[in-house]
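Student: I am new to this structure. Please pick a single part and take me through it closely.

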Amino acid sequence: MAKPVSLQNKEFGAGGKPISQKGESLWKDSMRRLMRNRAAVIGGSIIVLLLLLAVFADVIAPYPFAEQTLVDQNKLPQWVLSLFPTMEPYAQLSPKYFFGADYVGRDMMSRIIYGTRVSLTVAFIGPIISLIIGVIYGSISGYFGGRLDNLMMRIVDVLYAFPSLLFIILLLAFFRSTFARPAPGTFTYSVSQLDAAMGGLLFIFIGIGLTAWATMARLTRGQVLSVREKEFVEAARTLGANDMRIMFRHILPNVVGPLVVAETLAIPGYISTEAFLSFIGIGVNPPTPSWGSMISDGAQVIRTYPNQAVFPALALAITMFAFNFLGDGLRDALDPRLRGTQ
Amino acid sequence: MADLLKVSDLETQFRTREGVVHAVNGVSFDLKEGETLGIVGESGCGKSVTVMSVLRLIPTPPGKIVAGEAIFRGKDLLKMSDEEIRHIRGAQISMVFQDPMTSFNPVLTIGRQVAEPLEIHQGMNRRQAYDRVTEMLDLVGIPKSRDRLNDYPHQFSGGMRQRVMIAMSLVCNPSILIADEPTTALDVTIQAQIIELIKELRDKLGMAIIWITHDLGVIAGLADRVLVMYGGYFIETAPVKSLYATPTHPYTLGLINSLPRVDSDVQCRLESIDGLPPILMEKPNNCPFAPRCTYVKERCYQENPMLMETSEDHFTACWVDTLTGKERA
């Protein structure tokens with residue numbers, strides 16, 4: 001028999017849960033749900049691990065990424081023998097390199113570790129650029145609406161209609177030729193110096209930034225359109241809030257959820273774009289190690305030394321999976337329909 | 001006492017694809033310091049549009065204030081710049097909405113939202129504002145108010161949220177509080193509490209109130225003066241006692257008859273007004289209530305009556321004297 005429950009008990013609601021729980025923000029609530037999603041936690045941990053690798057690459061990597069040891073060209077790692085014992089008579093082995101060495105005798109493992117820097121920079125700078133442009137563009141378009149909205153969205157449509165990879169290639173070709181041999185002291189000169197210092201990444205960022213914002217702009221506009229009709233926006237206006245305040249204080253915080261999810265899910269796209277550009281040879285400048293250019297080098301010798309293509313490809317795949325898992329987890333955690341559930 | 005707000009000949013239209021909707025057709029009223037004005041009428045009669053027009057909160061387009069003026073403290077609200085009117089909103093004229101569930105931003109804490117008018121109008125920082133906010137929340141009866149500043153709207157019940165809403169609208173000490181059906185979304189016991197609360201606050205703070213409702217019962221114990229609205233016109237305006245004692249317009253009569261009465265027979269059916277409210281696609285040149293009116297005369301279809309004084313301070317827009325059932329002279 002169930003115990004009689006006193007109706008006068010004000011401290012406890014149904015199920016004996018305290019009614020007045022300590023202030024829990026929607027973000028905390030979402031974080032709690034994210035932590036229950038195993039795939040997302042694994043993805044997140046991998047990303048943290050990769051971040052540590054990238055930051056401490058100098059300490060962790062056994063060799064500098066550009067150090068060539070020509071006698072060690074195309075050396076296979078020692079452990080290959082335990083997988084394929086028949087290779088013993090002819091395989092060029094070296095215990096020095098865990099993933100083997102490439103065609104100029106550079107340590108594959110060190111290069112993969114340094115390669116996380118390139119991929120993760122793209123993974124974090126890409127979203128920042130596309131968010132800044134996309135959110136500002138999209139919220140202006142959605143908030144003010146009308147003719148301005150129409151015009152701004154048609155511009156986005158034009159950009160959308162164009163294949164983005166082709167667009168990035170064109171942009172890179174344009175930038176590279178414009179900034180090829182500038183006179184010292186000019187703006188173009190300092191830009192090309194900056195690009196050289198970043199190993200050719202600057203133009204990749206610009207390329208990604210100039211194409212990826214369109215998706216964010218559309219998404220933001222759609223979200224802003226739905227939120228700006230909400231009653232609390234009207235309420236804010238009756239309190240005397242101006243457009244800027246309404247946009248940034250009341251509307252934006254309500255749309256960040258979907259934006260974060262979309263951006264996290266777009267990160268693998270940015271990483272693969274960079275890898276692709278490096279693969280076809282217009283990405284980072286050698287000898288900056290990028291997984292894409294390493295796969296490209298490895299692909300040349302994939303039948304004899306598959307390790308040179310497989311390991312960077314594996315690194316790329318794991319990173320992209322990790323971001324995808326995290327993005328999926330975020331999407332579930334930030335779903336407003338699940339708010340307040342376990 | 002002096003007129004705080006004087007609205008005259010206010011006319012608001014909405015230009016839609018189907019045509020022009022005449023939502024408010026030249027209404028006039030004035031509000032004195034500390035006075036409580038009730039605006040009554042059925043859904044879609046233009047009550048909300050009237051006050052929203054005064055605060056210039058009509059979405060334009062499609063809405064447009066076509067004519068009229070609203071003099072507040074000697075300045076016309078309808079002719080002010082956007083910047084000027086923004087400093088009136090929330091600071092001198094503020095508003096309480098119908099649905100406390102949707103009127104709060106779900107991602108901001110209550111403290112920050114109630115502090116917002118102070119930040120906007122008085123340039124306070126959050127620490128200064130929070131003291132005032134706590135004071136205000138105490139005033140509207142939120143227990144342990146200081147601890148609740150960091151709570152989110154979903155952690156409050158409907159009645160509590162409406163209290164917070166009232167605190168938010170009064171935090172800058174406005175001289176006019178517009179309450180747009182503030183009790184409609186609440187259950188009856190909470191309704192009574194909120195009405196009590198507003199009365200109490202009015203006595204303490206002395207602001208004037210414009211109370212919009214479709215419930216004549218709510219207004220009876222609250223308002224000094226009642227305006228009955230129908231089809232975008234005021235059809236009867238009177239001091240509250242006079243309106244309930246001697247309603248003169250057939251529509252007001254209908255509204256009052258449709259209320260359940262304590263002294264009536266339990267078995268009897270409630271009376272209703274037949275027909276539907278008018279579609280306001282064109283400005284009528286007959287009485288807008290004529291098709292539903294039981295007293296209707298020939299003249300009602302030919303001419304739209306304007307407000308005329310039937311007894312002291314009691315105005316009615318009707319060609320028929322409902323006491324005698326005969327046409328007025």
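Tutor: Start with a definition: two residues are in contact if their C-beta atoms, placed from the backbone, lie within 7 Å. Axes are lines fitted to C-alpha atoms, for helices over the stretch in contact, and angles run from 0 to 180 degrees between N-to-C directions. Helices (H or I, at least four residues) and strands (E, at least two) are DSSP runs, numbered from the N terminus.

The model is predicted: local features need pLDDT of at least 70, side-chain atom pairs count only at pLDDT 80 or more, and totals for chains, interfaces and linings use all residues. Residues are numbered from 1 along each chain as its sequence is written, while chains are lettered from A and ligands numbered from 1 in the order in which they are written.

First, its setting. Chain B holds ten helices and 14 strands. Its radius of gyration (taken over C-alpha atoms) is 21 Å, close to the 20 Å of the globule rule for 329 residues, so chain B is as compact as a globular protein of that length. That rule is 2.2 Å times the number of residues to the power 0.38. In chain B, 65% of the contacts with a separation of 6 or more link residues 24 or more positions apart.

Now the sheet. Eight strands of chain B form it, in the order E6-E7-E8-E3-E9-E10-E12-E11, with mixed pairing. Two strands pair if DSSP finds at least two bridges between them. Strands E6 (93–96) and E11 (308–311) of chain B stand at the edges with a single partner strand each, so one side of each has no neighbour in the sheet. On average, neighbouring strands are turned by 25 degrees against each other, direction ignored.

Walk in from E6(B). E6(B) runs parallel to E7(B), and four bridges join them. Here Ile93(B) stands opposite Ile176(B). Next, E7(B) and E8(B) also run parallel, joined by five bridges. In this pair Leu177(B) faces Ile209(B) of E8(B).

E9 (225–230) and E10 (233–239) of chain B pair antiparallel over six bridges. Val228(B) stands opposite Glu236(B) there.

Helix H1 (47–54) of chain B lies across E3, E7, E8 and E9, at about 145 degrees to E8(B).

The contact between chains takes 25 residues from chain B and 16 from chain A. H2, E6 and H3 of chain B each supply at least two residues of the side that touches chain A. H3(B) gives the most, with four.
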